[in-house]
Amino acid sequence: MAARDGPDSGPDTEARPGEADALPLARIGVADGLFAAVLAARAGVLVPAGRTAEFLAPYPVAALGDEGLAELLDRLGLPTVGAFAALPAEAVADRFGPAGTAAHRLARGLQPRPLVPRTEGPDLSVEQCFDPPEALAEPLVFVARTLAEQLHQRLAGAGLTCQRVAVEVACADGRTVSRLWRHEGRLSAAALAERVRWQLQAWQGAGTFAVPDGGPSHDAGFTALRLVPDDLSPDQGRQLALWGQAVADDRVERAVARVQAVLGHAGLRRIEPAGGRGPGEQVVRVPWGEPYDPAAPADAPWPGRLRDVWPAVVHRAPVPVAVLDTAGRPVNVDGRAGVSARPARIAVRGRDLVVDGWTGPWPAVEYWWDQARARRRARFQVTVADGRALLLTVENGEWFLEAGYD
């Protein structure tokens, strides 16, 4: 694999007068794998095939890109890539886990993960070409019904269903636009054709197919319409519900799909629970129809999370406020969650609120093991003179209004 590193000003590189400031200088290197090729480019060398491990051996382990692993290997007396590569692969996997195994493969001149061949699935896409290009979108809508029926026949013949269908439109100017629609085996040929019509209308309304001013007339028009099934799986059939529930679900899906065609894929979202300590972190907005896999489970133990009463209003972005004591001085919270004085007033958005009561703090220390992500916060619940209850957060000496209670 070849790689280029630049800008670089090596002693053996020359530039013509006037070009030194105009063109960045670069070096090219060749080695097995992208990681080794980048280092070869920086050194300006061509590594023969099969000798990548020998080339990498003198480099310090920090070149592998994992600071924590490099520090540990250095303490273990393995300061170079070659020394690390000499360790047995099984011992590295047992001691350092997946990250260490990937680094060990790099040190031996291999890819971080072995290539896994995958059997290519059947091509079940359907397409209609237009020659000469079709200037209007209406003919594509009529063609879409026929293509949708052909697609369903191909899926049924293969005993498969798809999770999504890609609608692709090729233009005469060489552009191709596409959009994925959720399918999950529920869309009939007529429903799928209707979604093609909605998508074409949405693209036209957004000016997607407009030819730039002064462009040639032959660049206008459509040359092809394709329907491509995505994420194929065996067709297990569907269990229909009683009392018309399936019909109701289909109406809801049709309404949602039409709103998304107008507003865009992320224009309609649903609320899903997520892991976190603050009320704004415990929910996420996911585009309708898209699967959601939370990075952190919502039902896991979260020390510092307030569980007793859920706020009625949660600000998307916490509002900066000032919390003052009776003498007008800022209230501070130290590293041991000690409060400097009793909160007496809150200044928020030009208003001065008198504090009737307060409770807290509830400290939360997050990602203490990662300096880049580490956070230390404390939350307070306060009541003010107008009868409202507020959730305040202090972080790095700054106060924020995070949520409010009814």
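Predicted model: local features only at pLDDT ≥ 70, side-chain atom pairs only at ≥ 80, totals over all residues.
Residues are numbered from 1 along each chain as its sequence is written. Local features need pLDDT of at least 70, side-chain atom pairs count only at pLDDT 80 or more, totals for chains, interfaces and linings use all residues, and side-chain values use heavy atoms, with hydrogens and water left out.

**The sheet.** Four strands make an open sheet in the order β3-β6-β4-β5, paired antiparallel. Strands here are DSSP runs of E, at least two residues, and helices are runs of H or I, at least four, numbered from the N terminus; two strands pair if DSSP finds at least two bridges between them. At the edges sit β3 (126-134) and β5 (176-182), each pairing on one side only. From one strand to the next the twist averages 15°, with angles running from 0 to 180 degrees between N-to-C directions of lines fitted to C-alpha atoms, for helices over the stretch in contact. Strand β3 is joined to β6 (residues 222-234) by 5 bridges, and Glu-134 stands opposite Phe-222 in β6.

| Helix | Strands touched | Angle |
|---|---|---|
| α6 (residues 138-158) | β3, β4 (160-171), β6 | about 25° with β6 |
| α7 (residues 189-205) | β4, β5, β6 | about 135° with β5 |

Val-365 belongs to strand β11 (residues 351-366). Val-365 counts as partly exposed because its relative accessibility is 37%, between the limits of under 20% for buried and over 50% for exposed (1.4 Å probe, protein chains only).

Methods
Contact = heavy atoms within 4.5 Å.
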